[in-house]
Amino acid sequence: MKFMKLMVITVVIVVMSSPILIKSEVSSSCIPTELMPCLPAMTTGGQPTQDCCDKLIEQKECLCGYINNPLYSTFVSSPVARKVLEVCNIPYPSC
């Protein structure tokens with residue numbers, strides 16, 4: 001179980017760090033790697049940090065782009081991610 005969590009986190013870090021993927025975002029302000037503080041909360045269901053909530057608020061307008069991107073949608077639209085948005089007082093967008 002711990003190995004699987006480690007593998008998921010590793011894959012997410014690699015995917016979110018890809019420069020090709022970063023350039024393909026809708027806006028230059030939509031930088032998925034800036035959401036790295038949210039990775040533990042969005043993958044394991046832990047409590048999001050204030051830094052995570054601040055980054056989500058900064059990129060609130062980017063959420064639909066992430067949801068519609070198959071590489072990120074799993075992490076943004078999962079029940080755990082929805083709970084993180086709720087805790088950070090960010091309504092889940094209707095895209």
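User: How many disulfides does the structure hold?
Analyst: There are four disulfides, a disulfide being a pair of cysteine sulfur atoms within 2.5 Å. The model is predicted: local features need pLDDT of at least 70, side-chain atom pairs count only at pLDDT 80 or more, and totals for chains, interfaces and linings use all residues. Residues are numbered from 1 along each chain as its sequence is written, and side-chain values use heavy atoms, with hydrogens and water left out.

User: Which cysteine does Cys-30 pair with?
Analyst: Cys-30 is joined to Cys-62, with 2.0 Å from S to S. Cys-30 sits in the loop between α2 (19-23) and α3, while Cys-62 sits in the loop between α4 and α5, so the bond ties together parts 32 residues apart in sequence. Helices are DSSP runs of H or I with at least four residues, strands are runs of E with at least two, and both are numbered from the N terminus.

User: Is Cys-62 buried or exposed?
Analyst: Cys-62 counts as buried, at 4% relative accessibility. Buried means under 20% relative accessible area, exposed over 50%, and partly exposed in between, using a 1.4 Å probe and protein chains only. Cys-30 is buried too, at 6%.

User: What about Cys-64 and Cys-95, where do they lie?
Analyst: Cys-64 is in helix α5 and Cys-95 is in the segment after α7. They form a disulfide with 2.0 Å from S to S. Cys-64 is partly exposed at 23%, and Cys-95 is exposed at 56%.

User: New topic. Which residues of α4 are buried?
Analyst: In α4 (residues 50-58), Cys-52, Cys-53 and Leu-56 are buried. They cover an arc of only 95° around the axis, which puts them on the same side of α4. That arc is taken from the directions from the helix axis to the C-beta atoms.

User: What covers them?
Analyst: The cover includes α3 (39-44), α5 (63-68) and α7 (79-87). On the face turned away from the buried side are the exposed residues Gln-50 and Glu-58.

User: Which cysteine is Cys-53 bonded to?
Analyst: Cys-53 bonds to Cys-88, with the sulfur atoms 1.9 Å apart. Cys-53 is in helix α4 and Cys-88 in the segment after α7, 35 residues apart.

User: And how many helices and strands in the chain?
Analyst: Seven helices and zero strands.

Conventions. Contact = heavy atoms within 4.5 Å.
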